[in-house]
Amino acid sequence: MRIADVLRNKGAAVVTIHPDATVMELIAGLAEHNIGAMVVIGRDGLEGVASERDVVRQLQVHGASLLARPVSAIMTRLVATCTKTDSADDVSMLMTEHRARHIPVLEDGRLAGIVSIGDVVKSRMEELQAEHEQLRDYIAQG
């Protein structure tokens with residue numbers, strides 16, 4: 001299964017945030033959209049990813065004052081990315097190597113979607129279920 005298939009199933013909408021937005025705005029957006037991360041887009045395009053994990057780690061260091069800081073202060077800057085033509089298995093390996101739960105999808109250098117570890121696992125489970133049903137039908141015809 002390709003990432004294009006994953007995006008087709010889940011949708012390609014991506015919630016983004018500006019690097020100058022506050023961490024409080026980030027948290028509000030994560031809660032409003034019921035998501036675990038936002039792609040940080042600045043003047044020059046993709047600048048990073050800001051996740052719940054980033055907030056929690058920095059909250060432990062800075063306390064409540066973190067909420068007024070800019071997203072750029074906590075975001076993950078070195079972001080692994082993929083393309084729509086990458087396989088879900090390859091992206092799963094990329095997530096494991098980079099210990100990332102969210103991977104932006106780029107097409108011609110532009111943001112085309114985002115996939116989470118949950119999206120990849122769900123697509124793999126659907127693929128296995130389809131294979132199981134095909135094998136069961138094949139055996140039943142036997």
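Modeller: Happy to! This is a predicted model, and a search of the whole structure finds 5 salt bridges.

Biologist: What makes Asp-5 and Arg-8 a salt bridge?

Modeller: The closest N and O atoms of Asp-5 and Arg-8 are 2.7 Å apart. The cut-off is 4 Å, so the pair qualifies. The two residues are 3 residues apart in helix H1, which means that about one helical turn separates them.

Biologist: Why is Arg-8 called exposed, and why is Asp-5 called partly exposed?

Modeller: Arg-8 has 60% relative accessibility, and exposed means over 50%. Asp-5 has a relative accessible area of 23%, which falls between the 20% limit for buried and the 50% limit for exposed.

Biologist: What makes Lys-10 and Asp-119 a salt bridge?

Modeller: Their closest N and O atoms are 3.0 Å apart, and the limit is 4 Å. Lys-10 lies in helix H1 and Asp-119 in helix H5, so this pair ties together parts that are 109 residues apart in sequence.

Biologist: Is Asp-119 buried or exposed, and how do you know?

Modeller: Asp-119 counts as buried, because its relative accessibility is 18% and buried means under 20%.

Biologist: Which salt bridge do Arg-124 and Glu-127 form, and what is the N to O distance?

Modeller: Their side chains meet at 2.7 Å, N to O, which is within the 4 Å cut-off. Both sit in helix H5, 3 residues apart, so about one helical turn lies between them. Arg-124 is partly exposed at 33%, and so is Glu-127 at 22%.

Biologist: Helix H5 also holds Leu-128. What makes Leu-128 partly exposed?

Modeller: Its relative accessible area is 37%, between 20% and 50%. Leu-128 also forms a nonpolar surface patch with Ile-117, Val-121 and Met-125, with about 340 Å² of accessible area together. Patch residues need over 30%, so Leu-128 passes that test too.

Biologist: And inside, which residues have the most contacts in the largest nonpolar core?

Modeller: That core has 15 residues, and those with the most contacts inside it include Ile-3, Val-91, Met-95 and Val-115. Helices H1 and H4 and strands S4 and S5 each give two or more residues to this core, and H4 gives the most, with 4. Apart from it lies another core, of 13 residues, among them Ala-21 and Ile-74.

Biologist: What is Met-95 in contact with, beyond its sequence neighbours?

Modeller: Leaving aside residues within four places in sequence, the contacts of Met-95 include Ile-103, Val-115, Ile-117 and Val-120.

Methods: Residues are numbered from 1 along each chain as its sequence is written. This is a predicted model: local features need pLDDT of at least 70, side-chain atom pairs count only at pLDDT 80 or more; totals for chains, interfaces and linings use all residues. Side-chain values use heavy atoms; hydrogens and water are left out. A nonpolar core is a set of buried Ala, Val, Leu, Ile, Met, Phe, Trp, Tyr and Cys residues joined through side-chain atoms within 4.5 Å. Buried means under 20% relative accessible area, exposed over 50%, partly exposed in between (1.4 Å probe, protein chains only). Contact means heavy atoms within 4.5 Å. Patches are made of residues with over 30% relative accessible area and no salt bridge: like charges are joined within 9 Å, nonpolar side chains (Val, Leu, Ile, Met, Phe, Trp, Tyr) within 5 Å. Accessible areas come from the Shrake-Rupley method with a 1.4 Å probe; for residues, only the protein chains shown count as cover.
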